[in-house]
Amino acid sequence: MNITADVLIVGSGAAGLTAALNLAETHTVAVIAKGALGEGATGRAQGGIAAVLDEGDSFEAHVNDTMIAGAGLNDRSVVEHVVEAAPRAIKHLIELGVPFAIEGDALHLTREGGHSHRRIVHVADATGFAIQQALEAAAAKNPNITLIPDMVAIDLVTGRHAAHFSTSGAVHGLYAYNRKTKRVETLTGRATILASGGAGRAYLYSTAPRGATGDGIAMAWRAGCRVSNMEFMQFHPTCLYNLEVKNFLITEAVRGEGGRLKLPPGVKGGGKRFMPQFDERAELAPRDIVARAIDHEIKRLGLDYVHLDISHREPDFVREHFPNIYDKLLGLGIDITAEPIPVVPAQHYTCGGVLVDLDGRTDATGLYAAGEVTQSGLHGANRLASNSLLECLVFGEAAAKHIAANFAQLPEVPEIRAWDESRVTDSDEEVVIAQTWGEIRRFMWNYVGIVRTTKRLERARHRIDMLRREVRDYYAHFRVTPDLIELRNLLEVADLIVRSALSRHESRGLHYTLDYPETLPDAKDTVLVP
Ligand SMILES: Cc1cc2nc3c(=O)[nH]c(=O)nc-3n(C[C@H](O)[C@H](O)[C@H](O)COP(=O)(O)OP(=O)(O)OC[C@H]3O[C@@H](n4cnc5c(N)ncnc54)[C@H](O)[C@@H]3O)c2cc1C
């Protein structure tokens, strides 16, 4: 089966659907998602979106806060562009029906770490869900948009895949695995937008959704696009440690309300707080400091987790302030009013990605990207909270506008060869995929996590090289499955992360290495060229 539209979009989160809605005024669009439409990170976002909407606030203050978080690596012109576009982006969402919280006759604004003013619009503590619903509803109503769930993009289609082979690197669409028919389809269009989210699932513990395997980054890299700043992975300090539930976030508000981080019993210092030794603000130190301290204690003592304890507060207070956490953990056998919560830091956000310009253009003609899949220059070496949904909205629209304005100049789609279905053998060893997947996530967690050393990074690189040979062989001989597609991409992004981390001979923002603890005077992006 061939699917054709003017524009193809990989991803149905905030970036993909924003692009689709903007394009649909003039063009036909097909949006694919690897599973259900709402399964990306967008639907999970809790806090909200940053925008200057208060009289006492200013664009300059939002720009400065973003630049401070980014530790010198942000591109100021990009930051200014995004910050200034924010109020309009919020207005669009309101027009689409997103029910942002109101106070009096104005939007209610909260404040988050790193922001010097109240500027976060939100829908209670489930902002992303409300945005995803509104965008999906608008897209579903639009006759120019075709929404295609359960379609897993495998690779971008270029001149190499044309019936008449050419060396042109222009992108004409993609091959994708249809979960329903279990066949590989060819999707073609004059432009393709990658809006496929981040790569958090390269790590054992991650708050990212199951599908965040860096597919877009890997596909763009294989199609010849530069990838940048992959060493900057943001970790949230407190995610529940549980063998079944690996991505349940314990909000920072628990520490804000007096929660104490302690070593678990059975080790020297067991039951005692450790944060005061690391920072005078103790549990209230910034995210990266708390995450690093927890990681340090876990590695130093060979622990699986540390404890976060709020049980000294009144049970009613705890239940009232943290109803969701209380219920969820009680269901797992932990009564947080009486006992501590086992926690580990978890990967939370991918700052690096496919290099794009202000119009969302990548290095390949016809290929655009927006959202967490990109490195746009906004975040630098560390993302300021609530700037990422904003990036999706601004760059989703920018890519759409650029495509619409330049559609006639984009190359015509040549005849594309169908996917080679000669690999008809089904693997009888699915266990190999599950095993390798687990192995990657574990060594990435242990060797390429919050505190790095050159030796650990080299160890990871060695394992990646070995596994890549195995997976390449596997990929060449067996019929593709969604798990195999993801595994191949996971290895690709793990390699990009490790290579980027090894090439940075300093500690900056989210990249901290014991071998180069200082920050160099010149701030430079890491840019990997295929
Ligand atoms: C728990 C949590 C809380 C957060 N809270 C906030 C917050 O309060 N504020 C904020 O600004 N940011 C927050 N973030 C970050 C923010 O949610 C994400 O950066 C943002 O939603 C990313 O949107 P996106 O459109 O780029 O990708 P996503 O929303 O992740 O969507 C990715 C899409 O790509 C599709 N896809 C991926 N690979 C393929 C493939 N191979 N084939 C087909 N489709 C594919 C997926 O199916 C999905 O539809 C949070 C993130 C998490 C995990």
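How many bridges join strand S14 to S22, and do they run parallel or antiparallel? Two bridges join them, and the strands run antiparallel. This is a predicted model. S14 covers residues 227-228. Within this pairing, Ser228 has Val527 of S22 as its bridge partner.

**The open sheet**

S14 and S22 belong to a sheet of four strands. The sheet is open, its order is S21-S19-S14-S22, and its pairing is mixed. S21 (374-375) and S22 (527-528) are the edge strands, each pairing on one side only. Strands of a sheet pair through backbone hydrogen bonds, either parallel or antiparallel.

**Around strand S2**

S2 spans residues 7-10. Its side chains point two ways: Val7 and Ile9 to one side, Leu8 and Val10 to the other. All of these residues are buried. In a regular strand the side chains alternate between the two faces of the sheet.

S2 pairs with S3 (residues 29-32) in the parallel sense, over four bridges. Here Val7 has Val29 as its bridge partner. Together with helix H1 (residues 14-23), S2 and S3 make a right-handed β-α-β unit. S2 is also joined to S13 by four bridges, again in parallel. In that pairing, Val10 stands opposite Leu194 of S13.

**Aromatic pairs**

The structure holds eight aromatic pairs. Among them is Tyr175 with Trp419: the planes stand at 65 degrees, so this pair is edge-to-face. Tyr175 sits in strand S11 (residues 173-178), and Trp419 sits in the loop between helix H10 (388-406) and helix H11 (430-447). The pair therefore ties together parts that are 244 residues apart in sequence. Both residues are buried.

Tyr205 and Tyr241 form a tilted pair. Tyr205 is in the loop between strand S13 (191-194) and helix H5 (215-222). Tyr241 is in the loop between strand S15 (233-240) and helix H6 (253-256).

| Pair | Centre to centre | Angle between planes |
|---|---|---|
| Tyr175 and Trp419 | 5.2 Å | 65 degrees |
| Tyr205 and Tyr241 | 5.9 Å | 40 degrees |

Tyr205 has 4% relative accessibility and so counts as buried. Tyr241 is buried as well, at a relative accessible area of 16%.

**Arginines over rings**

Arg313 lies over the face of Phe317, 3.9 Å from the ring centre. Arg459 lies over the face of Tyr447, 5.6 Å from the ring centre.

How values were computed
Residues numbered from 1 in each chain as written. Predicted model: local features only at pLDDT ≥ 70, side-chain atom pairs only at ≥ 80, totals over all residues. Heavy atoms only, no water. Pairing = 2+ DSSP bridges. Phe/Tyr/Trp six-rings, centres within 6.5 Å; stacked < 30°, edge-to-face > 60°. Buried < 20%, exposed > 50% of the residue type's maximum accessible area, 1.4 Å probe, protein only. Lys NZ or Arg CZ within 6 Å of the ring centre and 35° of its normal. Right-handed = clockwise from strand over helix to strand, strands pointing away.
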